[in-house]
Amino acid sequence: MKRVFLAAFLAAVTNIPVYAEQSAAISPATPVVARADADALFVSDDPKLHANKQVVYNILKVLLEANQWDRASEFIAKDYIQHNPNAANGRDAVVYFFTEILKTKPKPVADKLNWPVAEVMAEGDLVTVITPRKVKTEKGTYTTAWFDTWRIKDGKAMEHWDSSLMNENPDLSP
């Protein structure tokens with residue numbers, strides 16, 4: 001009873017709606033869904049935005065999907081700034097994280113991107129990719145949005161932000 005009162009009080013004071021537990025679905029939100037042809041999201045009529053989107057496209061396709069981290073110097077600057085709390089700054093540190101900590105193994109690069117992508121936005125030197133993220137709870141599974149943003153400089157990723165938490169390994173699989 002105290003929890004219900006407190007929730008109602010906080011909602012009234014802060015003007016935030018309180019959602020009752022729903023039995024039909026775990027989340028009232030519309031699921032985040034990957035686009036059928038993610039490759040089409042990485043093009044632009046603007047040559048600079050197109051080039052920046054292609055750097056990120058190759059980070060996803062060649063590095064994160066195919067795990068060909070021996071090719072990281074093609075897409076990531078040596079003095080890369082990493083804002084993910086699980087990996088250190090620098091290209092070498094990112095390569096180490098994926099190859100030695102996560103123990104990824106290289107595989108062939110696919111013809112098309114298989115990474116699930118919902119949206120891609122590019123503005124100036126920034127490219128943001130929105131990916132569906134599956135979250136599992138004891139009440140079921142739901143999707144939410146995962147965000148990755150890269151700053152591109154001289155044709156390489158210079159800086160990266162995402163919504164990762166310390167020691168978290170989110171499910172970003174299709």
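**Close-up views of a predicted model**

**View 1. The S2–S3 hairpin.** S2 and S3 form a hairpin with two residues between them. Gly-124, in the turn, has a positive phi of about 60°. This is a predicted model, so local features need pLDDT of at least 70 and side-chain atom pairs count only at pLDDT 80 or more, while totals for chains, interfaces and linings use all residues. Residues are numbered from 1 along each chain as its sequence is written, and side-chain values use heavy atoms, with hydrogens and water left out. Helices (H or I, at least four residues) and strands (E, at least two) are DSSP runs, numbered from the N terminus. The two strands run antiparallel, joined by five bridges; strands pair if DSSP finds at least two bridges between them. Val-120 stands opposite Val-129 in S3.

**View 2. The two faces of S2.** Which residues of S2 lie on its covered face? They are Val-120 and Ala-122. Glu-119, Met-121 and Glu-123 make up the uncovered face. In a regular strand the side chains alternate between the two faces of the sheet.

**View 3. The largest nonpolar core.** This core has 29 residues. A nonpolar core is a set of buried Ala, Val, Leu, Ile, Met, Phe, Trp, Tyr and Cys residues joined through side-chain atoms within 4.5 Å. Buried means under 20% relative accessible area, exposed over 50%, and partly exposed in between (1.4 Å probe, protein chains only). Phe-42, Ile-59, Leu-63, Ile-76, Val-117, Val-129 and Trp-150 have the most contacts inside the core. Two or more residues come from each of helix H2 (47–65), strand S1 (76–82), helix H3 (91–101), strand S2 (119–123), strand S3 (126–137) and strand S4 (140–153). H2 gives the most, with eight residues. In soluble globular proteins, nonpolar side chains tend to be buried together.

**View 4. Around Ile-76.** Contact means heavy atoms within 4.5 Å. Neighbours within four places in sequence are left aside here. Ile-76 is then in contact with Ile-59, Leu-63, Trp-69, Arg-91, Lys-156 and Ala-157.

**View 5. The buried side of H3.** The buried residues of H3 are Arg-91, Val-94, Phe-97 and Phe-98. They cover an arc of only 130° around the axis, which puts them on the same side of H3. The arc is that of the directions from the helix axis to the C-beta atoms. These buried residues pack against H2 and S1. Just after H3, Lys-103 takes a positive phi of about 60°.

**View 6. Lys-112 and Asp-37.** The structure holds six salt bridges. A salt bridge is a side-chain nitrogen of Lys or Arg within 4 Å of a carboxyl oxygen of Asp or Glu. One of them joins Lys-112 and Asp-37 (3.1 Å, N to O). The pair links distant parts of the chain: Lys-112 sits in the loop between H3 and S2, Asp-37 in the loop between H1 and H2. They are 75 residues apart in sequence and 8.5 Å apart in space, C-alpha to C-alpha. Lys-112 is partly exposed at 45% relative accessibility, and Asp-37 is partly exposed at 36%. Leaving aside neighbours within four places in sequence, the contacts of Lys-112 also include Asp-39, Tyr-57, Lys-61 and Glu-65.

**View 7. Two further salt bridges.** Glu-119 pairs with Arg-35, the closest N and O atoms being 2.6 Å apart. Glu-119 is in strand S2 and Arg-35 in the loop between helix H1 (2–14) and H2, 84 residues apart. Glu-119 is partly exposed at 32% relative accessibility, as is Arg-35 at 41%. Lys-78 and Asp-92 also meet in a salt bridge (3.4 Å, N to O). Lys-78 lies in strand S1 and Asp-92 in helix H3, so the pair ties together parts that are 14 residues apart in sequence. Lys-78 is exposed, with a relative accessible area of 54%.

**View 8. Positive phi in two loops.** Most residues other than glycine have a negative phi. Asn-67, in the loop between H2 and S1, has a positive phi near 55°. Asp-154, in the loop between S4 and strand S5 (156–162), has a positive phi of about 55°. Is each residue buried or exposed? Asn-67 counts as buried at 13% relative accessibility, whereas Asp-154 counts as exposed at 71%.

**View 9. Confidence along the chain.** pLDDT is the predictor's confidence in each residue, from 0 to 100. The chain has a mean pLDDT of 85, and 80% of its residues reach 70 or more. Over residues 1–24 pLDDT stays under 50. For that stretch the model has seven contacts beyond four places in sequence.
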